[in-house]
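I opened my notebook beside the model today and looked things up one by one.

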Amino acid sequence: MREEQLEAARRLAAAFPGDSNASFLLGMAYLEQGDAVEASTYLSKSLELQPNRADAYDHLGQIATLKGENERAIDMFRKALEMNPQMPAVHFRLAKALVFMGRLPEAIAELQRDMEIPPQNGESHALLGEVYAQLQDYAGAKASYEKAIQIQPKLSKPYYGLSVACAKLGLQEESKQYQEKFKEIEAQDRQAGRHWRQVFDPLAVTRQSVSHTHTDIGRVYQSHGRVDVAEPLWQKAAILDPNNVECRFHLAVLYEQTQRPLDALKLYEQITRAEAKNGAAYFLMGSLYLRLNRPDEAEKTFRKVVEVSPDRPEGYRALAQLYLQTNRNWAEAGKLAAQAVEVEPSAAHYFLLATACEKNKDRAGMLSALKRAIELDPDNAEYRRTYEKLAGTR
Amino acid sequence: MKNSQGQDNAGIVRWAAAAALVCLCMPRATPAAILLRDVTKQTGITFVHTDGSSGRRYIVETVSAGLALFDYDNDGDIDIYFLNGAPLPGTKVDKPPRNALYRNDGGWKFTDVTEQAGVGDTGYGLGVAAGDYDNDGYQDLYLNNFGPNVLYHNNGDGTFTDVTKQAGVAIGNHVGAGACFLDIDKDGDLDLFVAHYVDFTFETHQNCRFNGYPAYVGPLNYPTTSNTLLRNNGDGTFTDISVESGIAACKGAGMGMVCADYDNDADTDIIVGNDEAGNFVFRNDGTGKFEEVGLLSGLAYDGSGMPQGTMGVDCGDYNNDGRLDFQMTSYERELATLYRNLGGGSFQDVTKTTGAGEGTLPYVTWGNGLIDLDNDGDRDLFIACGHLHDNVELFDNVTSYECKNIVLENLGQEKFANVSEKCGDGLQVKLSSRGAAFDDLDNDGDIDVVILNSRREPTTLRNDLPQPNHWIQIRLRGVKCNRDGVGSHVKVVAGDLAQLAEVHSGRGYQSHFGTRLHFGLGTRDHVDRIEVRWLGGSVDVIENIPADRFVTITEGQSQPVITPAAKP
């Protein structure tokens with residue numbers, strides 16, 4: 001299976017020798033095989049073809065770190081950050097390489113930059129604590145470790161660091177408490193490690209890895225207009241990993257575009273089985289039911305969108321539109337439109353609310369919503385036309 | 001005060017000052033003075049290690065084995081004892097492999113005397129310690145096997161007798177690891193600590209696959225075990241006191257170990273490296289009762305608070321501050337770690353700030369020694385490397401099964417530099433090393449190296465020190481203390497240089513070496529003062545000794561026996 005993965009990536013790189021993504025994916029396929037040497041070659045090639053690839057620099061930096069080549073790792077991470085200063089985790093990786101070199105003040109600066117990029121990571125604060133401890137700034141270390149456990153209370157390292165820092169600061173009782181907590185979490189980690197070893201399924205891991213490579217390779221073929229090659233790759237990816245949602249999305253969209261809606265529906269069902277809270281999949285499935293003129297199934301599916309993604313407007317909007325288009329449940333449509341506005345107060349949602357208000361004979365509500373839609377999108381001719389038409393009538 | 005980015009200006013100034021200070025304190029760059037020549041072929045050593053493997057990948061195959069450098073015939077030169085594996089299920093051999101003793105005949109010639117010495121154990125060898133448990137003046141051998149262990153009593157006439165049964169030290173069917181002789185209660189005889197790896201049997205054997213390739217499982221796949229402490233009864237027998245001493249209360253996956261007075265309270269403590277678990281530090285209360293204080297000491301986990309796959313454990317005072325520091329080797333993607341002794345039984349991981357782990361990250365590291373390879377008066381680091389998966393390159397070519405070993409030169413001022421590529425052909429050998437042992441094999445005053453390589457011939461490295469630095473080597477003769485002075489401290493003062501060493505029995509990766517203490521002196525041509533703090537409390541002081549001598553100090557006697565170096 002690993003050979004198949006590599007072969008697929010090799011074929012891609014041969015088919016599109018000038019495509020940076022193709023070289024990058026071949027490099028990543030080699031990395032998946034544990035072949036860092038060949039991986040470096042193709043990641044470098046991807047950079048020759050597209051010198052602003054932060055992802056390639058980042059991976060080259062990670063390989064250099066594993067090889068203990070810290071100077072090179074630092075160079076690669078810095079280049080990645082030149083391309084994309086907000087790239088998650090790269091400041092952290094750079095800081096680690098600097099720590100390996102004993103360049104602690106530089107590491108502190110990188111960690112501080114890392115912390116400005118969300119989401120916050122307990123590991124960064126723990127490493128900062130370690131650096132402060134190395135510099136014998138135990139008050140600084142304590143503060144950083146405390147922040148780390150605030151973010152990730154199950155991370156064992158900061159408790160260890162806190163036990164040491166507190167002891168150095170003369171806080172013996174606190175030190176003892178953190179020591180006990182460290183022991184407790186470390187024992188849990190060990191137990192989890194033992195359990196993981198018992199249940200670890202290397203074949204499943206390989207299948208996932210190959211599946212993701214096929215998905216990515218398919219995307220590159222698609223970008224070159226070769227959906228005929230992309231489709232079987234995504235199909236293979238779907239067979240290999242029942243939880244690979246991305247390849248299923250690609251296939252479903254392709255099937256919708258090529259008039260194979262029932263096949264697309266099957267894929268959306270698979271996605272929602274793999275990810276029961278995937279609101280986007282339910283939304284696309286509902287929209288497809290509508291196009292297939294199956295309003296009852298569409299309604300049921302849009303209700304699911306509202307259930308799993310209550311913070312998103314799509315479900316409320318789609319259901320409201322469905323009721324308005326099928327001339328039923330107008331009152332419910334009004335409530336749903338209002339919820340869509342609440343979640344995302346956009347011009348389109350105000351217009352939808354206005355339409356629902358009109359159906360519900362709520363003239364004041366209608367005019368108010370229309371006014372708001374026009375305020376938000378003053379160039380929209382349809383809103384203006386509708387307002388002018390409805391404002392003049394009684 | 002905060003700047004426009006919300007940063008604390010005072011903090012920035014503080015760190016800028018720290019950075020400037022670091023630059024100012026950078027030690028001078030000096031050319032490498034360490035030269036280790038590969039003389040394996042001229043030694044006449046024909047030993048080849050086997051791990052007994054047949055492709056079934058039993059976990060024990062990965063951890064075999066250590067070796068011992070000791071003077072078995074008291075002729076003044078250091079002999080070599082190699083441990084060997086044994087055929088495991090699935091392996092058939094015509095002649096069972098055995099351990100081998102090589103007598104040092106001088107001139108880098110060694111003769112296999114296994115047969116006549118009677119030390120050719122065919123058990124599955126993992127760890128070894130040499131120690132004169134009956135104080136008769138000859139070092140005996142203890143073998144820590146997978147399966148029953150063995151105690152060979154040195155008869156003093158070039159032969160040994162297997163006294164395992166009458167001594168009561170076979171212990172049982174454990175997977176062995178390091179072993180150390182030590183005097184837990186300062187009663188003048190050597191007790192015995194025996195480390196165990198994991199609770200493995202052929203029936204509970206597991207293996208796994210990485211990227212489809214067959215691989216060995218790690219220690220977390222098996223239950224942990226407790227270690228064994230045996231008290232010397234003084235009559236040639238030992239009693240298992242693991243429970244009452246407090247040792248049995250802790251379970252781990254023991255590997256290399258060393259017994260040393262880590263807290264400088266004049267008794268011998270026990271430090272056991274654990275594979276993928278916190279290391280043990282058993283603090284001795286002075287009477288042979290122990291409390292595990294690894295976490296408290298700072299030696300259980302690395303500076304990040306992570307447990308390492310610890311392999312070898314050695315100690316020595318790398319910064320000449322009068323305290324024993326510790327160095328531990330570890331698994332791939334972990335740095336071999338140096339812990340500085342801060343005093344009061346407390347340690348700090350200084351690997352990253354000193355550079356003492358440089359070059360080790362991609363490799364599994366095993367045998368280790370904190371030893372002065374260039375006789376400049378500070379201790380360098382030798383680290384033996386080699387992966388445990390013989391096919392690792394197929395699924396991870398950042399590392400390799402066979403690889404070069406590493407030498408880190410101590411530059412002083414708390415800095416080490418990886419000088420492996422400048423150390424001569426001895427560091428160009430690429431094999432899968434396990435145990436490493438260090439001593440002056442040709443009695444020319446510098447430390448040579450012998451490495452046991454998994455599934456291959458050992459490597460012997462001759463130190464051809466290009467600079468004529470001075471040195472002194474000291475052998476202790478205990479009277480009230482145990483005969484070899486195991487656990488005693490020796491302080492050597494030469495002008496501005498003061499160094500500390502302790503006599504150990506069993507250290508590094510499941511190996512034994514260094515009974516005769518070695519001190520590099522740099523350009524100092526004599527030693528002002530040698531102070532011996534015997535285990536038991538008595539102190540002897542010897543003054544004004546010329547450099548480049550072998551000195552034997554007998555407890556309570558003011559006149560040492562001094563012998564010059566061998567002629568080149």
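This is a predicted model: local features need pLDDT of at least 70, side-chain atom pairs count only at pLDDT 80 or more; totals for chains, interfaces and linings use all residues.

**Entry 1: a helix pair in chain A**

I started with α17(A) and α18(A), and I found that their crossing is left-handed. My note on the term: a crossing is left-handed if the near helix is turned anticlockwise from the far one by less than a right angle, and right-handed if clockwise. Helices here are DSSP runs of H or I with at least four residues, strands are runs of E with at least two, and both are numbered from the N terminus.

Residues are numbered from 1 along each chain as its sequence is written, while chains are lettered from A and ligands numbered from 1 in the order in which they are written.

Next I looked up the geometry. Two packed helices are described by the angle between their axes and the distance between the axes. The axes of α17 (residues 295-308) and α18 (residues 314-325) of chain A come within 8 Å and cross at roughly 155°. That makes α17(A) roughly antiparallel to α18(A). Axes are lines fitted to C-alpha atoms, for helices over the stretch in contact, and angles run from 0 to 180 degrees between N-to-C directions. Angles under 35 degrees count as roughly parallel, over 145 as roughly antiparallel, 65 to 115 as roughly perpendicular and the rest as oblique.

Which residues meet in α17(A) and α18(A)? I noted Phe302(A) and Val306(A) among those of α17(A), and Tyr316(A) and Leu322(A) among those of α18(A). The residues of this contact divide into nine nonpolar, one polar and three charged. Contact means that the C-beta atoms, placed from the backbone, lie within 7 Å. Ala, Val, Leu, Ile, Met, Phe, Trp, Tyr, Cys and Pro count as nonpolar, Asp, Glu, Lys and Arg as charged, and the others, Gly among them, as polar.

**Entry 2: another helix pair**

I then turned to α6(A) and α8(A), whose axes come within 11 Å and cross at roughly 25°. That makes α6(A) roughly parallel to α8(A). Among the residues in this contact are Phe92(A) of α6(A) and Leu127(A) of α8(A). By class, I wrote down five nonpolar, one polar and two charged residues.

**Entry 3: where the chains touch**

How many residues of chain A are in contact with chain B? I found 29 of chain A against 28 of chain B. The helices α6 (90-100) and α8 (122-134) from my last entry are among those of chain A that each supply at least two residues to this side. The largest share, five residues, comes from α11(A).

**Entry 4: domains of chain A**

The domain assignment, automatic or from a database, gives domain 1 (2-199), domain 2 (201-275) and domain 3 (294-394). The C-alpha centres of domains 1 and 2 of chain A lie 30 Å apart. Here 13 residues of domain 1 are in contact with ten of domain 2. On the domain 1 side, α1(A) gives the most, with six residues.

**Entry 5: a sheet in chain B**

I finished with four strands that form an open sheet in the order β22-β23-β24-β25 (chain B), with antiparallel pairing. β22 (313-316) and β25 (346-349) of chain B stand at the edges with a single partner strand each, so one side of each is left without a neighbour in the sheet. Two strands pair if DSSP finds at least two bridges between them; β23 and β24 of chain B have three. I also found that the bridge partner of Met328(B) is Thr337(B) in β24(B).

Definitions and conventions: Two residues are in contact if their C-beta atoms, placed from the backbone, lie within 7 Å.
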